[in-house]
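Visitor: Please pick one part of this structure and take me through it closely, piece by piece. I would also like to know what lies around that part.

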Amino acid sequence: MIAKSKEINLTNDQNIKSFKFDGFLFITISLTCLMGVFILYSASNESTDVLIRQVYRIIIAFVAMIIVAQIPTEILRKLSPWSYLGGILLLSLVLWLGESGQGAQRWLNIGIRFQPSEIMKLGVPMMVAWYLHEKRLPPNLRELIFILIIIAIPSFLIAKQPDLGTSILVMAAGLLVLFLSGISFRYILSLGLLAIPSSFLLWEFMKDYQRQRVLTLLNPDSDPLGAGYNIIQSKIAMGSGGIFGKGWKNGSQVQLEFLPEKNTDFIFAVIGEEFGLLGVLTILFLYLIIIGRGLVIATQASDLYGRLLAGSLSLTFFFYVFVNTAMVVGLMPIVGIPLPLVSYGGTSMVTLMVGFGMLMSINSNRKLVAKK
Amino acid sequence: MASKHIKDHRKEKELFLNRTIISILVGLLLISVVLIRLYQLQVVENEFFVEKAHGNRINIRATLPPRGIIYDRNGRILAENKTAFQLELIPEQVKDIDDSLMRLSNLGLIDNESINSIKTEIRKSQQFKPVTIRTSLTDSDIAEFAVNMPNFSGINLQPRLIRSYPYSEATSHVVGYLGAISKNDLIKLNRSSYDPNEKIGKTGSELFNEDHLHGVPGFNQFIANARGREIPIKTDSIFLEKKLPEPGSNIYLTVDLELQRLATELLGGRKGAVVAIDPNNGEILSLVSSPTFNPNIFSNTLTTDQFNELQSNEDQPLFNRAVLGTYSPGSTIKPILGLAALEIGATNLTRRHVCKGYYSLPGNSHRYRDWLHTGHGSINLHAAISQSCDVYFYEISNEIGIDRMHQYLDAFGLGQKTNIELTGERIGLIPSTKWKQNMFRREEDKIWYPGETVIASIGQGYMLATPLQLANATAALATRGKRFQAKLILATENPINKEKKYKNSTQLNDIEISNQKYWEEVVSAMHNVMQGNGTAQNAGLDAPYRMAGKSGTVQVISVGQEEEYDETLLEERFLDHALFVAFAPLENPKIAVSVIIENGQSGSRVAAPIARAIMDKYLGY
């Protein structure tokens, strides 16, 4: 009892005395964002308007990251079920009275417009990690089923908006916690087998345009001016960039607007065209060391909750990068997942940075424990 | 409890590390797949995609060749290209399109009625593509716009080449005019040589010589974005190809502008045609149809209303009567039939027939009238031609027979194409027993009746010929049987080195007549028509040269047996057509002419003076 209170006191002291911060993460993230801003400026045909808004978002996101970094992991853990439940509530509200944009209901207007599905990108892994925190690992079947339900509810609600991309990300974040918790491969195999019939079920749930995207991936040339146009043009952009690229603001596919969604989902192709294979490798390298740092923080975390959350956040970030790049080079269907830290867009940027804030918090927590 | 917890803790940590390592391996595997793909796209297939990206942004714009110029035989310009100014509107550069159009209309630069159609066009067009809102501005329009230009941003004055016909009405049918490419044209045209907004030859020489006049378009490559908007080049690294257009060939027509103008003036807007031809080579010296029209309106703003008015005009000004109009040749064929009668022995140089003013077939009471009701009395072939006695020809008609009439008229090129370099020429009709057999379905209609031969002998009945064919046949009379294919194109000229390529005349088979005297008898009778006691002696007065001719006056409606033809009671459109054919000089002919005046009533009185005037002009008197 005494020890415990002392620990809390220490935490409080530390709170006041030191500023919690991870220099390595901060620098690599900043570099990525900086590169992203340059690319976005070219992708948007040198629109200062786009540039200013993106920089503004990055600043907000950095502030959010630093604030979250100051929150002790203990408190994050205790907040987990509440953020999850709050998220579920808001998602239900979206379906009930949300605002639609581009054919989907994703937005909720409570003073500021935001997408509750973003909360779940963090809420789900937090909730799963919170649930497993007290349990003996690896989880047993009963726990597994409970976790699957925790993941399934928000995924279903988001998919219904419909927002397949975010739904997949939320699902991935939750399942990754499960994987990291050491769930038996027997279960993983069974889940995999279960995935086959459920993919048919998913096909039934898909909107026509989503099905079209899958079909188009299989044969993009079948509809070169329609759904296949994006993939064809993005491959031309990437391929014509070569090793060294055409130079900043010099990509013909980008500047002449042949490349669709060049500010958002297809910005990776802008890097490919203007900076070539070298540019692409650079940004991938930055991503990999960010992920690597995240995984180091996870393995060094002082408690199970921190470990699982940090691991999941890092791997989800990888998942982001992989799905987006694989989509742009034509290996996966177009699922509307932006390139993290680079694509133009506000909400997901803030969510990502809050995630990094949590990583920093988890890291600081370890140091505290180590000092003790 | 506590020990178990610690033990679990370590095991959990190990398990986590284990799983993290698996994750990293899987992650590296996935990222390698992406890297392999990147290598494939950016290194292996790089060239392929560079080419694709190049193809994406390079657009081609045709540069149109200047159209060839059309000259008359003496090198006077009949059709040329002139710069005209038009107003173009670029939608994205105009703030308030409605307001701008309204203000242009207030300045009188565009029609109030055309505003709606302009707006529809703007709506259909891409935002950055100029839309033509007014063509062919006059000098005062240009001045008006220039003064107000600052108030019309996004509306520009653009120069453009338009076709111009300096002698408009006088050459309209022979030269023709241009018009927009229609769906039917697209089938015939080589599409790659044409811009959709280009105009092509619609009639006359402009149509017939389209391929020569048009030239070969060149192209300019330019950089365009995904929506086709032209983008200025940022770097010099891109090589843009360019090919200059090859201008169309110039064309020299055989017509003489002075004769065109004179014939147009003499016809004076009456319905009719004049064709003059050089009998020694078949060159068309003049080809005029009347009433005529101003072809320049087709280059400018021809509204649908204006076009419809031209099309529905009862006098059919757009219709080229000289090659498309078919008329009963009437008495103009008498010299040919006289020649035929002599050659086959249906008559001889001295045989006489008595003309009482009418003729009846043996055993039939039907009277075929002569135009001279009192009759010509006892008359030979020479006088029958010069006085145009119908009864003489009625008398010998069944001795010649319809099929031999056909044979000789055919030899003179009637009832067949002259192959003049104009589109749509009509072949007319020279009947025969075989023709009637094929033409009609009912058995009784297939039979050729002797009475039909009687009226065929004075060029009436089924018989039809174009003014061009009549001039052509007259030319063959002038040369005493030497025939040439009608020719309208004198030469083509390379517009760059000005090298002329003359077109050869095509001589056709001679008309074989056994006795040269027969030619001279007929020609002499024709000479008498104009310069003796013949029907058109007034037209031949006081000429310093010798000429020959033959009149024709053909019924438009048939007059009943007991009726009198009273011209004062008939509507103008039922009045007789006036025809005249002529050539001169008599011994070494240089020109053959045919003249037709619809409802002109008298060939010798109305048509003959026109033929005379044309010959005077051409022979320099």
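Guide: Two residues are in contact if their C-beta atoms, placed from the backbone, lie within 7 Å. By that rule, residues 24 or more positions apart account for 72% of the contacts in chain A with a separation of 6 or more. In chain B, 74% of the contacts between residues at least 6 apart in sequence join residues at least 24 apart. The model is a predicted one.

Before the close look, here is the setting. Chain A has 372 residues, of which 50% are buried, and its secondary structure comes to 14 helices and three strands. Chain B has 621 residues, of which 41% are buried, with 23 helices and 23 strands. Between the chains, 38 residues of chain A are in contact with 32 residues of chain B. The helices α7, α10, α11, α12 and α13 of chain A each supply at least two residues of the side that touches chain B. That side of chain A has 21 nonpolar, 13 polar and four charged residues.

The part to look at is a sheet in chain B. It is an open sheet of five strands in the order β12-β11-β23-β22-β21, with antiparallel pairing. The edges are β12 (284-290) and β21 (548-554) of chain B; each has a single partner strand, so one side of each is left without a neighbour in the sheet. From one strand to the next, the twist averages 5°. Strands of a sheet pair through backbone hydrogen bonds, either parallel or antiparallel.

Consider the pairings one at a time. Strand β11 of chain B, residues 272-277, pairs with strand β23 of chain B, residues 591-597, over six bridges in the antiparallel sense. Within this pairing, B:Ala273 stands opposite B:Ile596. Further along the order, seven bridges join β21(B) to strand β22 of chain B, residues 577-584, and these two run antiparallel. There, B:Ala548 stands opposite B:Phe583.

B:Lys334 belongs to helix α14 of chain B, residues 334-344. It has 30 C-beta neighbours inside 10 Å, and a residue with 20 or more is buried, so B:Lys334 counts as buried. B:Lys334 and B:Ile385 are 51 residues apart along the chain, yet their C-alpha atoms are separated by 6.4 Å.

At the other end of the strand order, helix α10 of chain B, residues 257-267, lies across β11 and β12 of chain B. The helix runs at about 30° to β12(B). B:Val274 touches B:Ala263, B:Leu267, B:Ser286, B:Val288, B:Val593, B:Val595, B:Ile610 and B:Ile614, not counting residues up to four places away in sequence.

B:Val274 also has a place in the largest nonpolar core, which holds 115 residues. B:Leu253, B:Val274, B:Ala276, B:Ala582, B:Val593, B:Ala607 and B:Ile614 touch the most other members of that core. Domain 2 and domain 3 of chain B both give residues to this core, so the core lies between them. Apart from it lies another core, of 112 residues, including A:Leu178 and B:Val34. In soluble globular proteins, nonpolar side chains tend to be buried together.

Two loops next to the sheet strands deserve a note. Most residues other than glycine have a negative phi, and most peptide bonds are trans. The bond from B:Ser290 to B:Pro291 is cis, with omega near 0°, and B:Pro291 is found in the loop between β12 and α11 of chain B. The bond from B:Ala584 to B:Pro585 is also cis, with omega near -15°. B:Pro585 is found in the loop between β22 and β23 of chain B.

How values were computed. Residues are numbered from 1 along each chain as its sequence is written. Chains are lettered from A and ligands numbered from 1 in the order in which they are written. This is a predicted model: local features need pLDDT of at least 70, side-chain atom pairs count only at pLDDT 80 or more; totals for chains, interfaces and linings use all residues. A nonpolar core is a set of buried Ala, Val, Leu, Ile, Met, Phe, Trp, Tyr and Cys residues joined through C-beta atoms within 7 Å. A residue is buried if 20 or more other C-beta atoms lie within 10 Å of its own, exposed if 12 or fewer, and partly exposed in between; C-beta atoms are placed from the backbone. Domain bounds come from an automatic or database domain assignment. Helices (H or I, at least four residues) and strands (E, at least two) are DSSP runs, numbered from the N terminus. Two strands pair if DSSP finds at least two bridges between them. Axes are lines fitted to C-alpha atoms, for helices over the stretch in contact, and angles run from 0 to 180 degrees between N-to-C directions. Ala, Val, Leu, Ile, Met, Phe, Trp, Tyr, Cys and Pro count as nonpolar, Asp, Glu, Lys and Arg as charged, and the others, Gly among them, as polar.
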